[in-house]
Amino acid sequence: MQLTVWTYEGPPHVGAMRIATAMRGVHYVLHAPQGDTYADLLFTMIERRQQRPPVTYTTFQARDLGGDTAVLVKNAARSAVERFEPDALLVGASCTAELIQDDPQGLSKTLGLSIPVVPLELPSYSKKENWGAAETFYRVVRTFNSGERDRKRSPSPRPSCNLLGPTALGFRHRDDVVEITRLLDRLGIDINVTAPLGARPQDIERLPDADFNVVLYPEIAETAARWLERSFDQPWTQTVPIGFNATRDFVKEVAELAKVDPAPVLEGEPSRLPWYSRSIDSTYLTGKRVFIFGDATHVIAAARVASEELGFEVVGIGTYSRELARNVRAAAKRYGVEALITDDHLEVEDRVTQLQPELVLGTQMERHVAKRLSIPCAVISAPVHVQDYPARYSPQMGFEGANVLFDTWVHPLMMGLEEHLLHMFRDDFEFSDHAGPSHLNHSPPSRSAAEDAATGETEAEGAKTAPPERPAATGAPRTAAAPVWTAEAEKELKKIPFFVRGKARRNTERFATETGAPEITLEVLYDAKAHFSR
């Protein structure tokens, strides 16, 4: 284990909570100390759900460890069934409770409860959140479809499928389900069950009735989909419909499985991304260097969109999803880069600092990293913060999702150019810090010469005494022997776009050190520019 101030994934019991919270009629009894109840805030504060997660904690304390803590599990399970009247009960332990080895999963089988119980064996010290969610969903699917049964086909003449993978606390899962449901309806395909999001245990029993399964998020649903394929001969989709090209491929794959005609959906361009990315307004985006990090599903999809649809150059790709690391390595090979497989955010920051991309696509953590390095960034994957659970409709999948991707990724670059222009003209009378809002038709008076004289400071003296601009973070501290910048050179440096200014500063300081220049003047700055432009 490693002590850290940030983690991309929680322990596996948080994954189990995501499944329980997504479903209806399910309750989760979690053997855990009082401190582990923090997980509730992920759903109520971050995702802004209206109800608490359906979880009962045993909340044992230090004084309980001297007695029989197993009794707490039995009492909590019975109390939860009596109070909440669920259709099914999940029972597991948190990472802390795992250490005292009370075996709540085994205890739950001896309680003689009147509802189905799904015991969860989730190794907290070797697995993480997404694995815990996948294992929990698989156990739920297997528990409610374990016996021999005949498939009950819908009386509708239209083919049907299941949507598998959306959960609580998922990145745009709610809107993705709406978008893909609409897309499949246009193809003439009915949705049999969407699970786990919104499904009851009775719905899980109907999963085998569908003709095939659509796996939206392999991290969550692939294990269950493989079991359904072995047990009920149900094929499942391999294409995740994120991006315009991937959505077209998805439509063709689904149409083949359902034996329907994809032409009505594929005719025309129902997304604006292809035209926007080809238009003259976007030609300056071609060749932008992009670094991508997040869960495997979104990273692989984002790399394809960046490369094929927006003309970006993928200079780095990585994931914290170790279970799907092989898929990410294969994707990285297509772009001629080495995949970064890690759950250490400091390693990711080091890689971004080393590559100095022009755009970062990542998680909430990469947003912070990019901000420190003054690099534009867009969030494409969990973990995310509250602003990435918008009230508006904002899918990542389907043709409308492609529009959202274009806006989300391109706008940070456009805002970067706008901010650079403001920096360039910061000394202009209209844009200076002392200028008032132009639409108010007046501005506060600037300091007069008399005021400057009264303070004993002239403009030239102010320029000499003003502290130099704080250099952009580089991931490594500047050495004490770094050359000193003159005021003229600092002023010239500010004319360089902020998102490459840090790199220009480092290159100039390196050039000055190698050539033995004691200070960086305008001449040294221009010589360094010429040197690194060769």
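With which residue does aspartate 175 form a salt bridge? In this predicted model, the partner of aspartate 175 is arginine 174, and the closest N and O atoms of the pair are 2.9 Å apart.

Several residues of H7 are buried, among them His173, Asp176, Val177 and Glu179. Further along the helix, Ile180, Leu183 and Leu184 are buried as well. Just after H7, glycine 188 adopts a positive phi of about 85°.

Side chains of opposite charge can pair when their charged atoms come close. In total, 22 salt bridges were counted in the model. One of them joins the side chains of arginine 322 and aspartate 343, with an N to O distance of 3.9 Å. This pair links distant parts of the chain, 21 residues apart. Arginine 322 sits in the loop between strand S9 (313-319) and helix H14 (325-334), while aspartate 343 lies in the loop between strand S10 (339-341) and helix H15 (345-355). Arginine 322 is partly exposed, with a relative accessible area of 48%. Aspartate 343 is also partly exposed, at 26%. Salt bridges that share partners join Arg322 and Asp343 with Lys128 in one network.

A further salt bridge is formed by the side chains of glutamate 492 and lysine 495, at 3.4 Å from N to O. Lysine 495 has a relative accessibility of 46% and counts as partly exposed.

For the protein as a whole, the secondary structure consists of 22 helices and 14 strands. Of its 534 residues, 51% are buried. The accessible surface comes to about 26300 Å², and carbon and sulfur atoms account for 51% of that area. Among contacts between residues at least 6 apart in sequence, 71% join residues at least 24 apart.

Conventions
Residues are numbered from 1 along each chain as its sequence is written. This is a predicted model: local features need pLDDT of at least 70, side-chain atom pairs count only at pLDDT 80 or more; totals for chains, interfaces and linings use all residues. Side-chain values use heavy atoms; hydrogens and water are left out. Buried means under 20% relative accessible area, exposed over 50%, partly exposed in between (1.4 Å probe, protein chains only). Helices (H or I, at least four residues) and strands (E, at least two) are DSSP runs, numbered from the N terminus. A salt bridge is a side-chain nitrogen of Lys or Arg within 4 Å of a carboxyl oxygen of Asp or Glu. Contact means heavy atoms within 4.5 Å. Accessible areas come from the Shrake-Rupley method with a 1.4 Å probe; for residues, only the protein chains shown count as cover.
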